[in-house]
Amino acid sequence: MLRRSMPVGPDFQETTKYHYSKTFAPGLHVHPAPPITVYDASLPRIDLPKPEVADGPGLWETIARRRTRREFTGDPISLAQLSQLLWAMSGVTFATPDGAFRAAGSAGGLYPNDTYVCINAVEDVKPSLAFYEVPDHRLCLLGEGAYGFEMARAALGQTCCSTAAVVFVWAAVIARAAWKYSDRAYRYIYLDAGHLGAHGQLAAEALGLASVNIGAYYDDEVAGIFGLDSQQQVIVYMMAVGKPAPEVI
Ligand SMILES: Cc1cc2nc3c(=O)[nH]c(=O)nc-3n(C[C@H](O)[C@H](O)[C@H](O)COP(=O)(O)O)c2cc1C
């Protein structure tokens with residue numbers, strides 16, 4: 001592993017700055033990466049219920065109520081709730097012949113952050129690992145099994161990852177943004193992820209669910225759980241969601 005004596009942060013900030021003379025750096029990758037990740041057609045899929053757009057509490061009320069809550073009952077959430085959460089973060093909200101725009105914005109409309117889900121407790125779905133297929137609004141099942149404890153260990157021992165009903169994991173396909181933005185793509189990837197986390201928390205709140213955004217985890221361990229190549233796909237953010245346990249004051 002590369003060891004640096006200088007902190008990398010200031011260096012990164014400096015080298016990824018735009019100037020009048022440098023506003024569009026040529027990409028590192030000559031060919032754009034595929035715009036979406038596609039898994040093998042033979043893997044099982046779960047169609048998600050149609051998202052609800054006409055109902056729910058008001059935005060202002062939801063913002064006022066939003067809070068990080070790490071205590072979950074462990075009870076399952078419904079598939080409709082999982083569907084609503086995924087749609088509110090990454091679902092297609094505006095389709096044109098040139099492309100599909102999603103609930104949360106993304107620099108250049110490139111959507112480099114893929115959504116993976118560790119399913120601990122969802123009604124009528126076995127504990128499993130899944131990938132959200134945005135264009136079809138469905139889940140691709142990557143493997144059956146209870147991975148909550150592995151997720152908690154990979155999240156520096158944060159037990160909320162095993163007691164939550166689901167843990168969302170955002171993994172960026174760097175090349176999907178870097179072909180256009182070069183190293184500045186990293187900034188956008190993290191900013192994009194922030195939008196996903198914010199949408200997700202507000203959606204969870206609107207559904208009466210508890211949620212916690214998670215930035216502390218062993219990157220390669222999380223990537224390993226989902227079978228991702230951590231050189232190509234970088235884990236940028238996570239969010240655990242579940243039924244809220246009664247508040248302990
Ligand atoms: C980028 C980011 C990373 C975070 N990472 C964690 C985390 O790893 N574990 C955790 O328990 N909370 C995490 N949080 C939640 C914060 O601790 C929480 O937002 C903060 O205490 C403010 O509380 P509030 O969200 O209720 O306003 C994170 C929040 C953000 C925005």
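Visitor: Which side chain meets Glu14 in a salt bridge?

Guide: First, a word on the model: it is predicted, so local features need pLDDT of at least 70, side-chain atom pairs count only at pLDDT 80 or more, and totals for chains, interfaces and linings use all residues. Residues are numbered from 1 along each chain as its sequence is written, and side-chain values use heavy atoms, with hydrogens and water left out. A salt bridge is a side-chain nitrogen of Lys or Arg within 4 Å of a carboxyl oxygen of Asp or Glu. Here N and O are 3.1 Å apart, and the partner of Glu14 is Lys17.

Visitor: Is Glu205 buried or exposed?

Guide: We call a residue buried under 20% relative accessible area, exposed over 50%, and partly exposed in between (1.4 Å probe, protein chains only). Glu205 has a relative accessible area of 6%, so Glu205 is buried.

Visitor: How far apart are the closest N and O atoms of Arg69 and Glu205?

Guide: Those two form a salt bridge. Their closest N and O atoms are apart by 2.9 Å.

Visitor: How far is the ligand's oxygen atom from an N or O atom in the side chain of Thr68?

Guide: Thr68 is one of the residues around the ligand, where being near means a heavy atom within 4 Å. Arg67 also has a side-chain N or O atom 2.7 Å from a ligand oxygen. For Thr68, the distance is 2.5 Å.

Methods:
Polar contact = N/O pair within 3.5 Å; in protein donor to acceptor, adjacent residues only side chain to side chain.
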